[in-house]
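Please read the following alongside the sequence and the coordinates.

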Amino acid sequence: MAVSIKSKTEIEKMRESCRLLEKVFAHLASMIEPGISTLEIDREGEKEIRACGGIPNFKNYEGYPASICTSVNDEVVHGIPKKNVILQEGDIISLDAGLIYNNYHSDMARTFGVGSISAEAQRLIDATKQSFFEGIKKARAGCHLYDISNAIADYIDGFGYGIVQDLVGHGIGTKLHEDPQIPNFRQARRGIRLRAGMTLAIEPMITAGTWEVEWLDDDWTVVTADGSLAAHYENTVLITDGEPEILTMSGLI
């Protein structure tokens, strides 16, 4: 496994790519309301990415047809935006997107409530977000990769939620997906030792029911096997000699 260590120059380029993506997400978050279509979200997201000088890195990636993944309710990830998918009061929607700026990728995801949502849905969203922060307590030089995985799993296990096992986080840099793969579920081994300069996309995908998932006929949209709600939370993270730096979290969203 060849995990790239970024130079100071490369890290600055990734910071800028991530900062721009965060601005795009802040704009998209303001659009989430009943009555909007997922296609409108995608079109606005692509417009914002290109307006800041970025390139949407999801669009046409291995054939994916859009710039913003829009996954509603039981859709875990990779939902395809559509004109006829209209957000309703009480829905939850996960947005997952990235961009390329100066040849460097960024990647992040958030799950939003549409209007007023149930307490159960909010609890799932909050737990998924917090599991990320539990995980990155171990995202520091000298720790091992799977310390992150096990910290996420330890936290989520207390809720009785499912942790998706068919999809994992990843390294990121000049490619959207680099080594290493980063599971969100418990690992028996410790994995590689983390080093300063590694950049990781850490992304818990959590369900209110079973961990098992299925793919729809479009070959992209991943849904929970039991129809339960799913939430997704992701940031691009820089490993340092001290506290990790969350490159997609400067405070905007």
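Which residues in α1 meet which residues in α2? Val24, His27 and Leu28 in α1 meet Ile41, Glu44, Gly45, Glu48 and Ile49 in α2, where contact means heavy atoms within 4.5 Å. The residues of this contact divide into 4 nonpolar, 2 polar and 2 charged; Ala, Val, Leu, Ile, Met, Phe, Trp, Tyr, Cys and Pro count as nonpolar, Asp, Glu, Lys and Arg as charged, and the others, Gly among them, as polar.

The model is predicted: local features need pLDDT of at least 70, side-chain atom pairs count only at pLDDT 80 or more, and totals for chains, interfaces and linings use all residues. Residues are numbered from 1 along each chain as its sequence is written, and side-chain values use heavy atoms, with hydrogens and water left out.

Helix α1 covers residues 8-29 and helix α2 residues 38-51; helices (H or I, at least four residues) and strands (E, at least two) are DSSP runs, numbered from the N terminus. The two helices pack at an angle of about 150°, with their axes 10 Å apart. Axes here are lines fitted to C-alpha atoms, for helices over the stretch in contact, and angles run from 0 to 180 degrees between N-to-C directions.

Within α2 sits glutamate 44. Glutamate 44 counts as buried because its relative accessibility is 18% (buried means under 20% relative accessible area, exposed over 50%, partly exposed in between, with a 1.4 Å probe and protein chains only). Neighbours within four places in sequence aside, glutamate 44 is in contact with His27, Leu28 and Met31.

Threonine 240 lies in the loop between β14 (235-238) and β15 (245-246). With a relative accessible area of 19%, threonine 240 is buried. Not counting residues up to four places away in sequence, threonine 240 touches Arg140, Ala141, Ala196 and Glu245.

Aromatic rings come next. Rings of Phe, Tyr and Trp (its six-membered ring) pair if their centres lie within 6.5 Å; planes under 30 degrees apart count as stacked, over 60 as edge-to-face and the rest as tilted. By this rule there are 6 aromatic pairs. Tyrosine 64 and tryptophan 220 have ring centres 5.2 Å apart and planes at 80°, so the pair is edge-to-face. The pair links distant parts of the chain, 156 residues apart. Tyrosine 64 is buried at 2% relative accessibility, and tryptophan 220 is buried at 18%.

For phenylalanine 133 and tyrosine 233 the ring centres are 6.1 Å apart and the planes at 45°, so this pair is tilted. Ring pairs link Phe132, Phe133 and Tyr233 into a cluster.
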